Amino acid sequence: MSVFKGEKLNIEIYGSSHDKKIGARVSGFPSMKIDSEKLKEFLKRRSPNGEIYSTARKETDEPIFENLADNGVIGGDFTVDIYNKDVKSQDYDELYAKPRPSHADYCRFLKNGELSFKGGGEYSGRLTAPYCVVGGLAKQYLEKNYGIKICAYLSSVGRVKGKSYKDGPIFLEEVENISGFPSLDSSEKMLEEIERARLDQNSVGATVECIVYGMKKGVGGAGFWGLEGKISHTVYAISGVKGVEFGDGFDISEKTGFEANDQLEYVGGQVKIMTNSAGGINGGISNGNPITLKVAFRPTPSIAKPQKTVDLEKGENVEIQIKGRHDACFAVRAVPVVESGVAIAVLDAILGEEDEND
């Protein structure tokens, strides 16, 4: 079980990869009418689709809501369940007590003595399905009530680079409805990189960039109340995330102050911040520019190549070869999950700000 306790939103993600069902319990969500078709399309982006980079596991990911009014309006407290329909626990029988390298298996054992590592349990990426239900609803609310749109896309796969906001502004129409790839040219090269890894019984990592368009100004605060910290918190809740940076990120350390500073000017009587090295946030507070962030995903640790590990029950060294259904690059399906994490954080921050000002 994983719990997010925000300023207004409380979210509990429950279940595990091979349970009968997984889901989320939510409180503090504002009242809204669900656009079921839009939510369905959003969840489809996270689901396996038969492509080479994707697991062969087939799940419908149909959200079943409790506490949903007849007119489709949701708000306050609600629960949503997703039933697992394509579980193959037998794929993990040979891995009992043998932690898979770079999975949470060994750390789960250290924490609670668990020796059954079927599907990764509550640490599995499968739990991003209910996460995306809540994030998809947060995206809908932000767009309908504030005009805020959140879009993410792959900026690199392995060593193949694609479009990046660091190369210049990326406009909303460039990244809407792109299914995670910033352009046809880069998508072909990225898919070739994934296929090379798959044929080598291996996997590759990737980076996902996310942009928040139309962000409300003045949201956030100093220190622990900073917007970057809040967004990082929800993004690091996603399986496989190993790095988050905002704006120019680590590259800003190589610049001078004059190069890094975002200067201001009046344009038509309105303050305009001329560049966006800070990624739309200063002092933990949104400045009105688009919020830009980049997220690094590790390669899928479940690979078919033989790997060394230990048998925790027998106390001996062993070699394993992981079988089953795994993504050669799970970051491709993680693009909407990043959007979800960012949407949850931004919505919670705005709701908290409004509550404070009432």
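Trainee: What makes β2 mostly covered?

Mentor: Of the 5 residues of β2, 4 are buried, a term that means under 20% relative accessible area, with exposed set at over 50% and partly exposed in between (1.4 Å probe, protein chains only). Strands (E, at least two residues) and helices (H or I, at least four) are DSSP runs numbered from the N terminus. This is a predicted model, in which local features need pLDDT of at least 70 and side-chain atom pairs count only at pLDDT 80 or more, whereas totals for chains, interfaces and linings use all residues. Residues are numbered from 1 along each chain as its sequence is written, and side-chain values use heavy atoms, with hydrogens and water left out.

Trainee: Why are β1 and β4 called edge strands?

Mentor: The open sheet has 5 strands in the order β1-β2-β3-β5-β4, with antiparallel pairing. β1 (2–5) and β4 (64–66) each have a single partner strand, so one side of each is left without a neighbour in the sheet. On average, neighbouring strands are turned by 25° against each other, direction ignored. Such angles run from 0 to 180 degrees between N-to-C directions of axes, which are lines fitted to C-alpha atoms, for helices over the stretch in contact.

Trainee: How do you know that helix α8 packs on the sheet?

Mentor: Helix α8 (residues 331–357) touches β1, β2 and β3 (21–33), contact meaning heavy atoms within 4.5 Å. The direction of α8 makes about 40° with that of β3.

Trainee: Why is Ile22 called buried?

Mentor: Ile22, placed in strand β3, has 0% relative accessibility and therefore counts as buried. Leaving out residues up to four places away in sequence, Ile22 touches, among others, Tyr14, Gly15, Val80, Ile82, Leu127 and Pro130.

Trainee: Lys139 has a charged side chain; why is Lys139 classed as buried or exposed?

Mentor: Lys139, in helix α3 (residues 128–146), has a relative accessible area of 18% and is therefore buried. Beyond its neighbours within four places in sequence, Lys139 is in contact with Phe42, Arg45, Ile150, Glu339 and Ala343.

Trainee: What makes the protein as compact as a globular protein of that length?

Mentor: The protein comprises 8 helices and 16 strands. Its radius of gyration is 21 Å, close to the 21 Å that the globule rule gives for 358 residues, so the description applies. The radius is taken over C-alpha atoms, and the rule is 2.2 Å times the number of residues to the power 0.38. The C-alpha trace spans about 70 × 50 × 35 Å along its principal axes. Of the 358 residues, 50% count as buried.

Trainee: What share of contacts joins residues at least 24 apart in sequence?

Mentor: Among contacts between residues at least 6 apart, the share is 73%.

Notes
Two strands pair if DSSP finds at least two bridges between them.
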